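Please report on one helix of this protein and on its salt bridges.

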Amino acid sequence: MIVDLFLRTYPKDYPWLPYLWRSIAKRVTGYREIVIVVPEGVELPSILVAVPYRIERETNLFPNDYYGQQISKLRAHQFTDADTIAYIDSD
């Protein structure tokens, strides 16, 4: 069984991401990669921890990105072919 971790993030989450990467690297096993989804046109800061990841761009944009995050999570199966998707968040 292939397990991917799914993170839909945006700039207000970025200060918390280093803590998330360290926690995953230290405590989480058994997954293939982290699928990191960010809105099209938004830059993601450098990932400084050696965790397997892949960055995808969300092209369905909404004026209120709270809704955009929810839509991305509902579409997680379109970003990965994993058998199981575990949703994670930076905070």
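The report below takes the helix and then the salt bridges.

This is a predicted model, in which local features need pLDDT of at least 70, side-chain atom pairs count only at pLDDT 80 or more, and totals for chains, interfaces and linings use all residues. Residues are numbered from 1 along each chain as its sequence is written, and side-chain values use heavy atoms, with hydrogens and water left out.

Helix 2 covers residues 65-74; helices (H or I, at least four residues) and strands (E, at least two) are DSSP runs numbered from the N terminus. Gly68, Gln69 and Ser72 in helix 2 are buried, where buried means under 20% relative accessible area, exposed over 50%, and partly exposed in between (1.4 Å probe, protein chains only). These residues lie on the same side of helix 2 because they cover an arc of only 100° around the axis, taken from the directions from the helix axis to the C-beta atoms. The face turned away from the buried side carries exposed Tyr66, Tyr67 and Leu74.

The whole structure has 6 salt bridges, each a side-chain nitrogen of Lys or Arg within 4 Å of a carboxyl oxygen of Asp or Glu.

Asp4 is buried at 0% relative accessible area, while Arg32 is partly exposed at 32%. Arg8 is also buried, at 0%, and Asp65 is partly exposed at 21%.
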